[in-house]
Amino acid sequence: MTVESDGVALPGDLTIPEQATAVVVFAHGSGSGRRSPRNVRVADRLHREGLGTLLFDLLTDAETEDRQRVFDIELLARRLGAAVGWVRGRSELDGLPVGLFGASTGAAAALVVAAGTPNVAAIVSRGGRPDLAGAALERVTAPTLLIVGGRDGQVLGLNGTAQARMRWETRLEIVPGATHLFEEPGALDRVAELAAAWFSGHLG
């Protein structure tokens, strides 16, 4: 499928298990795309939980070469919002709650989108940069889980500061021994389990 936004067509992969209870839209981080092996792995775990997923490219191939666009949170949020609108407009998905899973800059975009719409029921951030969401943090009402590696010191600090600004339900989970990309044995599996539990508990 494709998401239309800003005059460009952004390709995506939609997977809906039988009797799905919700749909999670993924927002990848800088330098990544819808085929990110880390996001694909988390999505596979969500499928086993009965959750549908939409993984799509936030930027075109040409745009990924422009570092300004990669960190343009307003642009990323606008396109993620278009993807949420696409999901909400599908008759076969009518009535299913929508969650957002964001990584790195994609997490900031997810928080900005959630701050501007009641259509987001839960958020999970993996190694995210919630600080880049700015003033939107204080307007997010969707329950938010922030997952950070224990050895990702700078990002851990930024997540703690962002959490303190958020006024509704939030939780900060630290994966011991994990670095920013959660490449250590078992680290990404832990992320997937935490995300599955959070979405199952808040999207049911």
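In strand S7, Thr144, Leu146 and Val148 point one way, while Leu145, Ile147 and Gly149 point the other way, and all are buried. Buried means under 20% relative accessible area, exposed means over 50%, and partly exposed lies in between (1.4 Å probe, protein chains only). This is a predicted model, in which local features need pLDDT of at least 70 and side-chain atom pairs count only at pLDDT 80 or more, while totals for chains, interfaces and linings use all residues. Residues are numbered from 1 along each chain as its sequence is written, and side-chain values use heavy atoms, with hydrogens and water left out.

- Helices (H or I, at least four residues) and strands (E, at least two) are DSSP runs, numbered from the N terminus.
- S7 pairs with strand S6 (residues 122-126) in the parallel sense, over 4 bridges; two strands pair if DSSP finds at least two bridges between them.
- Isoleucine 147 in S7 has arginine 126 opposite.
- S7 also pairs with strand S8 (residues 170-175), again in the parallel sense, over 6 bridges.
- Leucine 146 has leucine 172 in S8 as its bridge partner.
- A right-handed β-α-β unit is made by S7, helix H5 (residues 153-165) and S8. Right-handed means that, with the strands pointing away from the viewer, the path from the first strand over the helix to the second runs clockwise.

**The whole chain**

- The chain has 6 helices and 8 strands.
- Their order along the sequence is β-β-β-α-β-α-α-β-α-β-β-α-β-α.
- Along the principal axes, the C-alpha atoms fill a box of roughly 40 × 40 × 35 Å.
- Of the 204 residues, 51% count as buried.
- Among contacts (heavy atoms within 4.5 Å) between residues at least 6 apart in sequence, 67% join residues at least 24 apart.

**Salt bridges**

- Side chains of opposite charge can pair when their charged atoms come close.
- The structure holds 15 salt bridges, each a side-chain nitrogen of Lys or Arg within 4 Å of a carboxyl oxygen of Asp or Glu.
- Arginine 78 and aspartate 6 form one of them, at 2.8 Å from N to O. Arginine 78 lies in helix H3 (residues 73-88) and aspartate 6 in the loop between strand S1 (2-5) and strand S2 (8-15), so the pair ties together parts that are 72 residues apart in sequence.
- Arginine 78 is partly exposed at 39% relative accessible area, and aspartate 6 is partly exposed at 40%.
- Arginine 79 and glutamate 63 form a salt bridge, with their closest N and O atoms 2.6 Å apart. Arginine 79 is in helix H3 and glutamate 63 in the loop between strand S4 (51-56) and helix H2 (67-70), 16 residues apart.
- Both arginine 79 and glutamate 63 are buried.
- Asp6, Glu63, Glu74, Arg78 and Arg79 are linked in a network of salt bridges.
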